[in-house]
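Colleague: I am new to this structure. Could we go through parts of it by question and answer?

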Amino acid sequence: MTTPATIIGAGLGGLTLARVLHLNGVPATVYELDPSAEARTQGGQLDIHEHTGQAALEAAGLTAQFRALIHEGAEATRVLSPRGALLFEEPDDGTGGRPEVLRGDLRWLLLDSLPEGTVQWDRKLTSVTALGEGRHELNFADGSTVTTGLLVGADGAWSKVRPLLSDAAPVYAGATFVETYLYDVDERHQATAAAVGAGVMYALTPGKGITAHREAGGVIHTYVELARSEEWFAAIDFADPAAATARIAAEFEGWAAELLALITDGERPPVARMIHALPDDHHWRRVPGVTLIGDAAHLMPPSGEGANLAMLDGAELAQAIAANPGDIEAALAGFEEKMFARSSAEAADAHAIQELCLGERAPYAFIEFIGGHGLDWVPAWGQAVSDHRGEDDEPDFDDVTVRMTVPASIGGSHVRVELSNRYADGPVRIGRAAIGVGDRFVEATFNGQSTIEIPAGESRWTDPIELTVRHADDVLVDIYLPEPTPYATAAGFRFDRSLPGDFAGARPFPVEGSALKPGIALRPASHEPDGADWSLPAGGPFLCTVEVAGAEPRAVIVAFGASSTAMGWPQYAAGLLPDGSRIAIVNRGIPGNRVHLDAPAKTPSWGLAGLTRFDDDVLGTAGATHLVIAYNSNDWGLPGRVTSIEEMPTLGQLIDGYQQLIRRAEAAGITVALATITPLGPELRGDEAREELRQGLNEWIRSSDHTCVDFDAAIRSQTDPTRLHSEYAAPDDTHPSINGSKRLAQTMIDALAQLLP
């Protein structure tokens with residue numbers, strides 16, 4: 001004999017549970033606090049997924065009736081920029097597998113499928129008392145009580161049943177959705193209706209967005225999404241609809257009028273839906289006679305899965321109970337084990353989707369997620385920026401355009417760039433930007449805007465630009481800095497400053513100190529001095545990464561190290577690759593950098609320790625497949641000269657640092673190669689202890705199980721192995737010259753035969 005079920009909550013999960021139990025001959029009663037089925041609206045459209053919600057409806061025997069409720073065409077998807085420009089569109093061709101229905105219609109379908117009296121309305125649960133042996137007494141607001149041997153909490157986020165099983169309580173998930181409606185949109189709001197289209201429209205930027213659904217009957221149901229604190233929303237008086245609307249709309253100043261109308265022209269008072277979540281891995285020990293389904297069990301940010309999972313929970317719990325009529329505990333235990341695994345994975349995905357929609361790469365991360373453009377981004381060029389505050393490398397900027405000319409190691413059909421303000425004390429405003437290849441320049445935008453303010457400590461990507469880039473093409477990145485801007489976050493050594501003014505995309509480019517005269521060629525930043533001179537690769541302020549799409553890389557190689565790496569061998573190696581090699585090489589070297597220790601306070605540009613910056617500069621490089629660790633002797637060359645002698649490492653400590661980098665790379669699936677350390681500078685050659693450290697580390701590198709790129713053998717003197725060969729030495733006799741960097745590049749190319757067999 002199966003124990004009758006007592007279900008708290010007449011939402012989609014609880015009703016699905018009751019329906020599937022009914023089909024299997026198991027009695028169930030649903031207690032709902034609403035006074036009637038018509039007491040309140042049930043929200044907007046739901047996309048019902050094939051393997052969750054649709055599977056539950058199949059178990060409930062309601063598939064045919066469900067099909068009759070589908071809003072045809074509503075699976076169409078559009079993504080717009082804040083200015084209303086179309087970024088992505090996918091029509092509803094009937095193959096999406098996620099048909100849309102109104103939540104209220106679906107609820108009525110389930111209600112009508114149940115025997116009369118199954119749902120008890122106006123029964124607000126106030127408390128539950130455990131009686132022992134799996135039995136519980138339920139106390140209702142009307143003074144009535146019910147005793148049950150099988151209790152299911154389907155009562156949502158603020159479940160009264162959950163405390164019987166778990167101490168977990170929902171916490172604010174960092175965002176709130178403000179709900180609005182427009183009616184008769186094709187007649188009264190034509191521009192907005194056209195912008196939204198036939199299905200769902202997303203307009204997203206970091207920290208805020210608008211998601212609008214076209215519903216049956218000429219209705220647009222909108223959620224205005226804001227990543228703001230609870231305190232921020234608490235300061236808004238939603239009891240004053242006009243004031244609340246104005247405050248929310250102010251966050252979208254400058255957006256297209258047809259999008260702003262979704263907020264300002266709402267025909268119901270705006271309602272704030274604060275997003276809460278339970279822990280992703282929320283679970284509990286088995287408590288006899290009681291369990292949870294839906295939001296009561298696994299509350300998560302909106303991802304399109306909430307209602308689907310609740311319905312699937314209800315169907316699977318009912319099936320488990322029906323399959324174990326004499327052993328309720330076995331039924332509950334088996335159901336919970338399966339649900340815990342599923343809900344944990346879905347909750348993690350829900351948080352990831354919230355980041356795609358409102359994180360710093362919105363909307364393009366979201367477009368990539370839903371398949372827009374098919375753009376898979378590959379780094380074509382990159383540098384490791386560091387902190388130049390307090391150093392005198394370059395004067396600050398003010399009403400000036402900076403042009404950076406960088407070579408692409410791999411080609412593609414689209415391009416975008418990352419600008420970083422990681423180390424500034426305040427925000428940096430980019431007045432305008434342009435990206436060029438060959439004779440073509442295209443103005444760059446940031447979420448549809450030509451101007452952007454990058455907060456301190458953050459970076460921003462330009463919007464994708466359809467611009468053909470080939471292997472070894474120079475990519476020109478122009479940024480106009482209209483206000484006093486410190487030279488703070490930077491790398492590279494060669495870039496051009498303009499005369500005062502906005503010259504983004506200008507041909508010719510008026511280099512500072514030059515004059516614009518017909519027929520006079522201006523010096524490009526890519527001009528290269530004699531091969532015996534310093535190797536000074538391109539780069540510049542704020543520019544962190546250039547990515548291309550439309551490529552299918554064979555490998556993405558990250559060069560990670562100090563000055564010899566930063567000064568250019570990765571750039572030259574990329575240039576030596578044959579066309580069609582499909583190998584991207586990204587330079588993440590920083591002059592003066594050390595593996596174990598951060599830069600000295602007086603020279604912050606030498607960067608954070610390699611072990612510290614590894615996640616950002618290596619794991620943060622999109623699609624990285626290979627890592628070349630190519631450090632210099634800074635770890636043991638600087639102590640006693642620039643830093644305290646107490647910082648002098650042992651050989652064991654040096655090897656341990658390399659091993660930590662290797663382990664972290666390999667844990668991420670990245671293949672590692674190690675480069676030997678080239679000779680010390682003239683002032684250190686007589687220090688036998690330091691030379692012994694270099695030789696000891698090189699011996700360990702050469703004997704390791706990893707591919708060795710023998711930079712030491714490539715450019716050292718054949719007669720005195722403690723010094724650089726004169727043909728490859730820069731004027732300081734410490735760093736490689738241009739010829740030396742090219743020699744290292746060829747050595748790297750030769751090593752690729754082992755790295756990429």
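Colleague: How many of the 12 residues of helix 1 are buried?

Modeller: This is a predicted model, where local features need pLDDT of at least 70, side-chain atom pairs count only at pLDDT 80 or more, and totals for chains, interfaces and linings use all residues. Residues are numbered from 1 along each chain as its sequence is written, and side-chain values use heavy atoms, with hydrogens and water left out. Helices (H or I, at least four residues) and strands (E, at least two) are DSSP runs numbered from the N terminus, and buried means under 20% relative accessible area, with exposed over 50% and partly exposed in between (1.4 Å probe, protein chains only). Helix 1 is mostly covered, and its buried residues number 10.

Colleague: Which residue with a positive phi follows helix 1?

Modeller: Helix 1 spans residues 12-23, and Leu12 and Leu21 are among its buried residues. The residue after the helix has a phi near 75 degrees, and this is Gly25.

Colleague: Why is strand 35 described as largely enclosed?

Modeller: Both of its faces are covered, with His626, Val628 and Ala630 on one side and Leu627 and Ile629 on the other. Strand 35 (residues 626-630) is largely enclosed by the rest of the structure because its buried residues number five of five.

Colleague: In strand 36, what is the bridge partner of Leu627?

Modeller: Two strands pair if DSSP finds at least two bridges between them. Strand 35 and strand 36 (residues 671-675) run parallel and share four bridges. Within strand 36, Leu627 is partnered by Val672.

Methods:
Expected span 1.5 Å × (residues − 1).
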